[in-house]
Amino acid sequence: ASNTRYRLAHSPADYRKAHTLARLVDERLDGPMTFPTVLADRDGTVVGVLGSAPDKNFLVAGPLAIMPDLPSKGPVLMRLIEAYENLASWLGVDRVLFRVHAEESTRWVESVSRLYHIEPYAIKDGWAWFERKLA
């Protein structure tokens, strides 16, 4: 929606909102989050988050969570990814690692493979790991 703002999380309150949404979507998504974390903010409510997992060597994107009852998740999902990748490029990052659930269904793995024309480089502990090269 046009009233959705995509912005960088910058305060402890922002990170609390990000963790709350991640837990609401799936308990497994609630792990440590660090800079950069991008929020989709609609009228003061965080409806989407794309965080970064702490790693010394790589930028690891995730968790990615969208408010479950949001009527149209696709545009929020795509804009969160776009904002995150633009920020990563601006920071001088040339690749981002991310993972999707591979345990319950192959649907997400297949969707990511089709969308980005990449295959997982590893499947470990129920997660498919991807590397996305940025332009």
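What follows takes the fold first and then single residues.

Reply: This is a predicted model, in which local features need pLDDT of at least 70 and side-chain atom pairs count only at pLDDT 80 or more, while totals for chains, interfaces and linings use all residues. Residues are numbered from 1 along each chain as its sequence is written, and side-chain values use heavy atoms, with hydrogens and water left out.

Me: How do you know how many helices and strands the protein chain has?
Reply: Helices are DSSP runs of H or I with at least four residues, strands are runs of E with at least two, and both are numbered from the N terminus. By that rule the protein chain has three helices and seven strands. Along the sequence they follow the pattern β-α-β-β-β-α-β-α-β-β.

Me: What is the strand order of the open sheet?
Reply: The order is β1-β2-β3-β4-β5-β7-β6, with mixed pairing. Two strands pair if DSSP finds at least two bridges between them.

Me: Why do β1 and β6 stand at the edges?
Reply: β1 (4-8) and β6 (122-124) each have a single partner strand, so one side of each lacks a neighbour in the sheet. Neighbouring strands of this sheet are turned by 25 degrees against each other on average, direction ignored. The axes behind such angles are lines fitted to C-alpha atoms, for helices over the stretch in contact; angles run from 0 to 180 degrees between N-to-C directions.

Me: What makes β4 and β5 a pair?
Reply: Two bridges join β4 (residues 60-66) to β5 (residues 95-101), and the strands run parallel. The rule asks for at least two, so the pair qualifies. Val-60 has Leu-97 of β5 as its bridge partner.

Me: What makes β2 and β3 a pair, and in which sense do they run?
Reply: Six bridges join β2 to β3, and the two run antiparallel. Ala-40 has its bridge partner in β3, at Gly-48. β2 and β3 form a hairpin with two residues between them, and Asp-43 in the turn has a positive phi of about 55 degrees.

Me: How many bridges does β3 share with β4?
Reply: Five, in the antiparallel sense. Gly-48 has Ile-66 of β4 as its bridge partner. This hairpin of β3 and β4 has six residues between its strands.

Me: How do you know which strands helix α2 packs on?
Reply: Contact means heavy atoms within 4.5 Å. Helix α2 (residues 73-90) touches β1, β2 (34-42), β3 (45-53), β4, β5 and β7 (127-133). Its direction makes about 145 degrees with that of β2. Helix α3 (residues 107-116) lies across β5 and β7, at about 150 degrees to β5.

Me: How do you know whether the radius of gyration agrees with a compact globule?
Reply: The radius is taken over C-alpha atoms, and the globule rule is 2.2 Å times the number of residues to the power 0.38. For 135 residues a compact globule would have a value near 14 Å; the protein chain has 14 Å, so the two agree. The C-alpha trace spans about 40 × 35 × 25 Å along its principal axes.

Me: What makes the link between Ser-52 and Tyr-84 a polar contact?
Reply: A polar contact is a pair of N or O atoms within 3.5 Å; within protein, one must be able to donate a hydrogen and the other to accept it, and residues adjacent in sequence count only if both atoms are side-chain atoms. The side chains of Ser-52 and Tyr-84 make such a contact at 2.5 Å.
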